[in-house]
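Student: I have this one open and would like to go through it piece by piece. Can we start?
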Amino acid sequence: MRQKILNKMHHVSLSLLEYRERLTWAFLNRFIPWSDRQRTDLKTVCLILGPYRNLTTLLGALLGLHPNCQTLNHSESRVLEDKELNFIDGYSADKFDRFCRFALFASSGGKGGGYGGSIVHSHAFKKRDEVRTVYERRYGKKPFLKQKVQSVIWKGDLRVTNELRRCEVDFRELIQKSPKLRFLMPVRNPLDCAISNSKPTHGKDFLGLKDKTFESTLEAVLQEMSWFIRLAHEFPDRFFFFYQDDLQKKDLFVRLGRFLQLDSDERWLSDTLE
């Protein structure tokens, strides 16, 4: 009985957090203008795409260690189901600006799971002590909005990828309209990625997945990766992919910094390797 009461209290506290954040965002969006400093500082907005279980959370956490990078984890429902924020479905400069502002707000709070928020709430910080230790050593324990954000990273993975397909986005047109927009995908060993996505709790968002067998899941993983890689060859200045072994190399993060137009930061390069 005591545990049931505690579980209900925990559920209520999460609901109250969501309610408070929704009210705060509504007030912020309507009454407080987006400062010229924030607009000027923000150089790139990058969407991490591709299948789940593909090292994207680790990548988002490592990028979030940069002093000028803010990572929004998940929050797909809050963005994609809001017509004022979903710039993928009928792009406009106003919707894109509003999304940028929301991403800065949401990535400074939130919680884990689908609701999303700061990358600090992700499993990369819960299961990898070294990531949490490096982050806390430089920034403290609580999520916050960094003073100078040059790049916003949205780790939306497959649901955002599916939305791009659903809306039949013309990438040539989209990137012409939005000079700040970038796309990023790590390439994990497809066999490992497929094994992880074959678990009952994963892999359900693949479009056209015939069944949950390993073979079908592997085919879906390969299709997602090849789709992105083709776009990277067509638009190399806007799409960036790398292989999992590159995560051990300093050069990868030097190139990522350039791709995202981040200020050079030697401590960040050292922290990512650590």
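**Contacts, buried residues and helix packing**

Tutor: Not counting residues up to four places away in sequence, Leu-49 touches Thr-56, Asp-157, Val-160, Thr-161, Leu-164, Phe-183, Leu-184, Met-185, Trp-227 and Phe-228. Contact means heavy atoms within 4.5 Å. This is a predicted model, in which local features need pLDDT of at least 70 and side-chain atom pairs count only at pLDDT 80 or more, while totals for chains, interfaces and linings use all residues. Residues are numbered from 1 along each chain as its sequence is written, and side-chain values use heavy atoms, with hydrogens and water left out.

Student: Where is the place of Leu-49?

Tutor: Leu-49 is in the loop between strand 1 (44-48) and helix 3. Helices (H or I, at least four residues) and strands (E, at least two) are DSSP runs, numbered from the N terminus.

Student: And what is the relative accessible area of Leu-49?

Tutor: The value for Leu-49 is 0%, so Leu-49 is buried. Buried means under 20% relative accessible area, exposed over 50%, and partly exposed in between, with a 1.4 Å probe and protein chains only.

Student: Is Asp-157 buried or exposed?

Tutor: Asp-157 counts as buried, at 0% relative accessibility.

Student: How many residues of helix 8 are buried?

Tutor: Seven of the 10, so helix 8 is mostly covered. The buried ones are Asp-157, Leu-158, Val-160, Thr-161, Asn-162, Glu-163 and Leu-164.

Student: What follows helix 8?

Tutor: Glu-168 follows helix 8. Glu-168 has a positive phi of about 50° although it is not a glycine. Its place is in the loop between helix 8 and helix 9 (171-177). At 69% relative accessibility, Glu-168 counts as exposed.

Student: New topic, helix 13. Which residues in it are buried?

Tutor: In helix 13 (residues 266-273), the buried residues are Trp-268, Leu-269, Asp-271 and Thr-272. Seen down the axis of helix 13, they fall within an arc of 165°, so they line one face of the helix. The arc is that of the directions from the helix axis to the C-beta atoms.

Student: What covers them?

Tutor: The cover includes helix 3 (56-63), helix 7 (129-139) and helix 12 (250-259).

Student: At what angle do helix 7 and helix 13 cross?

Tutor: Roughly 155°, and their axes come within 9 Å. That makes helix 7 roughly antiparallel to helix 13. Axes are lines fitted to C-alpha atoms, for helices over the stretch in contact, and angles run from 0 to 180 degrees between N-to-C directions. Angles under 35 degrees count as roughly parallel, over 145 as roughly antiparallel, 65 to 115 as roughly perpendicular and the rest as oblique.

Student: Which residues make that contact?

Tutor: Val-134, Arg-137 and Arg-138 of helix 7 and Arg-267, Trp-268 and Asp-271 of helix 13. By class, the contact has two nonpolar, no polar and four charged residues. Ala, Val, Leu, Ile, Met, Phe, Trp, Tyr, Cys and Pro count as nonpolar, Asp, Glu, Lys and Arg as charged, and the others, Gly among them, as polar.

Student: And how do helix 12 and helix 13 pack?

Tutor: At an angle of about 135°, with their axes 9 Å apart. Helix 12 and helix 13 are therefore oblique to each other. Lys-250, Phe-253, Val-254 and Gly-257 of helix 12 meet Glu-266, Trp-268, Leu-269, Thr-272 and Leu-273 of helix 13. This contact has five nonpolar, two polar and two charged residues.

Student: Back to helix 7. What does Val-131 contact?

Tutor: Leaving aside neighbours within four places in sequence, Val-131 is in contact with Leu-58, Ala-61, Leu-65, Ala-124 and Phe-125. Val-131 lies in helix 7 and is buried, with a relative accessible area of 6%.

Student: Last one. At what angle do helix 10 and helix 11 pack?

Tutor: Helix 10 (residues 190-197) and helix 11 (residues 214-234) pack at about 125°, with their axes 8 Å apart. That makes helix 10 oblique to helix 11. The residues of their contact divide into 10 nonpolar, two polar and no charged.
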